[in-house]
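Keep the viewer open as you go through the points.

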Amino acid sequence: MQIVVVGAGPAGMMLAHVLARNGVAVRVLERHPDFHREFRGEVLQPSALRHLDELGLHDTLVERGILRPAPEVAMFVDGKKKLGIAADGYGAGGSISQPRFLELLDERSRAFSSYRLEFDCGVAGLASKDGRVVGVTTNDGALVEADLVVVCSGRNTPLRKQASATAKALEPPYTVLWLRFDHASPVKGLAVYRQKTALMFAYATADDKTQVAWKADGADVSEL
């Protein structure tokens with residue numbers, strides 16, 4: 001079986017890695033020239049660290065400085081520190097450099113002959129024959145044949161719409177803005193600041209910058 005994965009983000013690269021290590025032929029098509037592209041929030045829940053450990057990636061990520069575990073969560077309510085969660089197992093999660101994480105997945109996957117990644121390869125649409133998807137067409141008009149196409153290029157991309165794949169919309173209880181500050185971070189671990197209608201998470205990234213998630217719409221968060 002030949003599988004084509006469209007999009008070399010975390011979902012596409014993790015899928016490709018798992019397929020390749022199990023001997024399944026997989027070809028990843030990515031429109032960007034490398035893994036350094038749009039900014040993304042890079043905090044991980046403890047459950048994500050557990051999965052990385054199960055895949056044998058966790059220790060390498062930490063050793064290379066790609067993953068920075070967060071040993072605790074410090075919560076400040078109305079300016080006063082209320083709670084500290086000490087490290088236990090996977091602690092409070094951690095922050096990870098997304099580009100370097102994807103580079104590691106690519107490095108590990110290249111050990112398998114069943115894996116192939118192509119940068120600068122935008123996908124124009126699905127290719128069909130006799131009512132069945134048989135691959136994709138690239139922006140330069142080439143046909144990439146596949147027994148199965150997996151679209152990992154985003155929830156609302158034209159390719160996903162062409163496949164008539166609908167996503168179930170889950171309305172978030174509030175809006176969160178992600179911010180990045182490119183200076184040495186004063187935050188150790190994960191800090192949560194809460195007032196009645198304000199909520200902010202702050203943490204140090206793997207490269208010692210600061211990322212902040214700010215709830216900005218005035219919803220009451222006093223029960224969180």
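1. A word on terms before we start: a residue counts as buried when its relative accessible area is under 20%, as exposed when that value is over 50%, and as partly exposed in between. Glu118 has 18% relative accessibility, so this residue counts as buried. Please keep in mind that you are looking at a predicted model.

2. Now turn to the charged pairs, of which the structure holds 6 that qualify as salt bridges. Glu118 takes part in one of them: its partner is Arg27, and the closest N and O atoms are 2.4 Å apart. Because Arg27 lies in strand 2 and Glu118 in strand 8, this pair ties together parts that are 91 residues apart in sequence.

3. Arg64 sits in the loop between helix 3 (58–63) and strand 4 (67–69), while Glu107 belongs to helix 4, so parts that are 43 residues apart in sequence are tied together here. Arg64 is partly exposed, with a relative accessible area of 40%, and Glu107 is partly exposed too, at 41%.

4. Next, look at Asp182 and Arg180, whose side chains meet in a salt bridge of 3.5 Å, N to O. Asp182 is exposed, at 55% relative accessible area, whereas Arg180, at 47%, counts as partly exposed. Elsewhere, salt bridges with shared partners join Arg27, Arg116 and Glu118 into one network.

5. Setting aside neighbours within four places in sequence, its contacts include Val5, Met13, Ala16, Tyr115 and Glu118.

6. Finally, is Asp106 buried or exposed? Asp106, found in helix 4, is buried, with a relative accessible area of 9%. Its side chain makes a polar contact of 2.6 Å with the side chain of Tyr115. Leaving aside neighbours within four places in sequence, Asp106 is in contact with Met13, Phe35, Tyr115 and Leu117.

Definitions and conventions:
Residues are numbered from 1 along each chain as its sequence is written. This is a predicted model: local features need pLDDT of at least 70, side-chain atom pairs count only at pLDDT 80 or more; totals for chains, interfaces and linings use all residues. Side-chain values use heavy atoms; hydrogens and water are left out. Contact means heavy atoms within 4.5 Å. Helices (H or I, at least four residues) and strands (E, at least two) are DSSP runs, numbered from the N terminus. Buried means under 20% relative accessible area, exposed over 50%, partly exposed in between (1.4 Å probe, protein chains only). A polar contact is a pair of N or O atoms within 3.5 Å; within protein, one must be able to donate a hydrogen and the other to accept it, and residues adjacent in sequence count only if both atoms are side-chain atoms. A salt bridge is a side-chain nitrogen of Lys or Arg within 4 Å of a carboxyl oxygen of Asp or Glu.
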